[in-house]
Amino acid sequence: MNISAPLEGKEKMCEEDVILVLVDLLSDPNPKVRGAAAGALMFATITTQGKYKALEADIIPPLLILVNDPVSKVRLNAIKTITTMSEAPAGRRALLDHLPLFEGKAQDPSEAVRKAIKIAIEVITWKP
(Lines give C-alpha, C1' and ligand atoms only; values in the text may rest on other atoms or scores of the structure.)
Protein backbone atom coordinates (compact mmCIF):
# COMPACT_ATOMS: atom_id res chain seq x y z
CA MET A 1 0.00 0.00 0.00
CA ASN A 2 2.96 2.35 0.61
CA ILE A 3 3.69 2.86 -3.10
CA SER A 4 0.21 4.24 -3.61
CA ALA A 5 0.55 7.08 -1.08
CA PRO A 6 2.80 9.58 -2.94
CA LEU A 7 1.57 11.05 -6.24
CA GLU A 8 4.48 9.44 -8.09
CA GLY A 9 3.39 6.05 -6.76
CA LYS A 10 -0.20 6.61 -7.85
CA GLU A 11 0.99 7.51 -11.36
CA LYS A 12 3.28 4.47 -11.49
CA MET A 13 0.39 2.22 -10.47
CA CYS A 14 -1.57 3.47 -13.48
CA GLU A 15 1.35 3.20 -15.89
CA GLU A 16 2.25 -0.34 -14.83
CA ASP A 17 -1.34 -1.66 -14.74
CA VAL A 18 -1.04 -2.40 -11.02
CA ILE A 19 -4.66 -1.31 -10.60
CA LEU A 20 -5.82 -4.27 -12.69
CA VAL A 21 -3.90 -6.67 -10.43
CA LEU A 22 -5.29 -5.01 -7.29
CA VAL A 23 -8.85 -5.28 -8.58
CA ASP A 24 -8.27 -9.02 -9.05
CA LEU A 25 -6.95 -9.25 -5.48
CA LEU A 26 -10.25 -7.89 -4.14
CA SER A 27 -11.56 -11.43 -4.62
CA ASP A 28 -8.69 -13.14 -2.79
CA PRO A 29 -9.76 -15.65 -0.11
CA ASN A 30 -7.43 -14.03 2.45
CA PRO A 31 -9.08 -11.03 4.15
CA LYS A 32 -5.68 -9.37 4.73
CA VAL A 33 -5.06 -9.43 0.99
CA ARG A 34 -8.57 -8.10 0.23
CA GLY A 35 -8.15 -5.32 2.80
CA ALA A 36 -4.70 -4.32 1.56
CA ALA A 37 -5.83 -4.34 -2.08
CA ALA A 38 -8.85 -2.18 -1.27
CA GLY A 39 -6.63 0.17 0.74
CA ALA A 40 -4.11 0.53 -2.08
CA LEU A 41 -6.94 1.15 -4.53
CA MET A 42 -8.35 3.80 -2.20
CA PHE A 43 -5.08 5.73 -2.56
CA ALA A 44 -4.68 5.02 -6.28
CA THR A 45 -8.18 6.22 -7.11
CA ILE A 46 -7.63 9.63 -5.56
CA THR A 47 -6.29 10.75 -8.94
CA THR A 48 -8.53 11.13 -11.96
CA GLN A 49 -6.28 8.79 -13.93
CA GLY A 50 -6.56 6.19 -11.17
CA LYS A 51 -10.35 6.44 -11.07
CA TYR A 52 -10.69 5.82 -14.79
CA LYS A 53 -8.10 3.02 -14.82
CA ALA A 54 -10.07 1.38 -12.01
CA LEU A 55 -13.35 1.79 -13.91
CA GLU A 56 -11.70 0.17 -16.95
CA ALA A 57 -10.68 -2.70 -14.67
CA ASP A 58 -14.35 -3.11 -13.61
CA ILE A 59 -13.71 -2.24 -9.97
CA ILE A 60 -17.32 -1.62 -8.95
CA PRO A 61 -18.68 -5.23 -8.76
CA PRO A 62 -15.96 -6.59 -6.44
CA LEU A 63 -16.16 -3.48 -4.24
CA LEU A 64 -19.91 -3.97 -3.87
CA ILE A 65 -19.31 -7.52 -2.66
CA LEU A 66 -16.76 -6.29 -0.12
CA VAL A 67 -19.28 -3.90 1.43
CA ASN A 68 -20.64 -7.00 3.19
CA ASP A 69 -17.26 -8.62 3.96
CA PRO A 70 -17.12 -10.22 7.43
CA VAL A 71 -13.93 -8.27 8.26
CA SER A 72 -14.53 -4.62 9.19
CA LYS A 73 -11.18 -3.40 7.81
CA VAL A 74 -12.05 -4.87 4.42
CA ARG A 75 -15.50 -3.24 4.52
CA LEU A 76 -13.98 0.08 5.56
CA ASN A 77 -11.35 0.14 2.81
CA ALA A 78 -13.90 -0.95 0.19
CA ILE A 79 -16.33 1.80 1.23
CA LYS A 80 -13.58 4.43 1.19
CA THR A 81 -12.59 3.28 -2.30
CA ILE A 82 -16.24 3.46 -3.37
CA THR A 83 -16.25 7.05 -2.10
CA THR A 84 -13.24 8.02 -4.22
CA MET A 85 -14.73 6.22 -7.23
CA SER A 86 -17.99 8.12 -6.84
CA GLU A 87 -16.14 11.41 -7.32
CA ALA A 88 -15.92 10.56 -11.03
CA PRO A 89 -19.21 11.05 -12.91
CA ALA A 90 -19.05 7.54 -14.39
CA GLY A 91 -18.40 6.05 -10.97
CA ARG A 92 -21.24 8.02 -9.41
CA ARG A 93 -23.65 6.84 -12.12
CA ALA A 94 -22.61 3.22 -11.56
CA LEU A 95 -23.02 3.50 -7.79
CA LEU A 96 -26.33 5.37 -7.62
CA ASP A 97 -28.28 2.17 -8.26
CA HIS A 98 -26.70 0.60 -5.18
CA LEU A 99 -27.78 3.18 -2.60
CA PRO A 100 -30.01 0.64 -0.76
CA LEU A 101 -26.94 -1.54 -0.17
CA PHE A 102 -25.06 1.40 1.33
CA GLU A 103 -28.03 2.61 3.36
CA GLY A 104 -28.29 -0.89 4.83
CA LYS A 105 -24.76 -0.53 6.22
CA ALA A 106 -25.73 2.52 8.31
CA GLN A 107 -26.16 0.13 11.25
CA ASP A 108 -22.81 -1.64 10.78
CA PRO A 109 -21.24 -2.79 14.07
CA SER A 110 -18.08 -0.80 13.26
CA GLU A 111 -18.27 2.92 14.00
CA ALA A 112 -15.59 3.63 11.36
CA VAL A 113 -17.64 1.78 8.73
CA ARG A 114 -20.79 3.70 9.72
CA LYS A 115 -18.95 7.02 9.33
CA ALA A 116 -17.44 5.97 6.00
CA ILE A 117 -20.81 4.83 4.64
CA LYS A 118 -22.38 8.17 5.59
CA ILE A 119 -19.66 10.00 3.66
CA ALA A 120 -19.96 7.60 0.70
CA ILE A 121 -23.73 8.20 0.47
CA GLU A 122 -23.19 11.98 0.57
CA VAL A 123 -20.62 11.82 -2.24
CA ILE A 124 -22.65 9.41 -4.36
CA THR A 125 -25.82 11.50 -4.09
CA TRP A 126 -24.05 14.85 -4.60
CA LYS A 127 -25.43 16.76 -7.56
CA PRO A 128 -23.18 19.20 -9.41
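Q: Which helices are included in what covers the buried residues of helix 7?
A: In this predicted model, helix 7 spans residues 89-96, and its buried residues are Gly91, Arg92 and Leu95. The cover over these residues includes helix 4 (48-56), helix 5 (60-66), helix 6 (72-85), helix 8 (99-104) and helix 9 (111-125).

Q: Why do the buried residues of helix 7 lie on the same side of the helix?
A: The residues in question are Gly91, Arg92 and Leu95. An α-helix has 3.6 residues a turn, so residues three or four places apart point the same way.

Q: Leaving aside neighbours within four places in sequence, which residues are in contact with Ile59?
A: Once its neighbours within four places in sequence are set aside, the residues in contact with Ile59 are Val23, Leu26, Leu41, Ala54, Thr81 and Met85.

Q: Is Thr45 buried or exposed?
A: Thr45 sits in the loop between helix 3 (31-44) and helix 4, and, apart from neighbours within four places in sequence, it is in contact with Gly50, Lys51, Ala54, Thr81, Thr84 and Met85. Because its relative accessibility is 0%, and the cut-off for burial is under 20%, Thr45 counts as buried.

Q: With which side chain does the side chain of Thr45 make a polar contact?
A: Thr81, Thr84 and Met85 are among the residues in contact with Thr45. The polar contact runs from side chain to side chain at 2.5 Å, and the partner of Thr45 is Thr84.

Q: What is the relative accessible area of Asp58, and where is this residue found?
A: Asp58 has a phi near 60°, a positive value in a residue other than glycine. The residue is found in the loop between helix 4 and helix 5. Asp58 is partly exposed, and its relative accessible area is 49%.

Q: How many helices and strands does the chain have?
A: Read along the sequence, the pattern is α-α-α-α-α-α-α-α-α. The chain therefore has nine helices and zero strands.

Terms used
Residues are numbered from 1 along each chain as its sequence is written. This is a predicted model: local features need pLDDT of at least 70, side-chain atom pairs count only at pLDDT 80 or more; totals for chains, interfaces and linings use all residues. Side-chain values use heavy atoms; hydrogens and water are left out. Helices (H or I, at least four residues) and strands (E, at least two) are DSSP runs, numbered from the N terminus. Buried means under 20% relative accessible area, exposed over 50%, partly exposed in between (1.4 Å probe, protein chains only). Contact means heavy atoms within 4.5 Å. A polar contact is a pair of N or O atoms within 3.5 Å; within protein, one must be able to donate a hydrogen and the other to accept it, and residues adjacent in sequence count only if both atoms are side-chain atoms.
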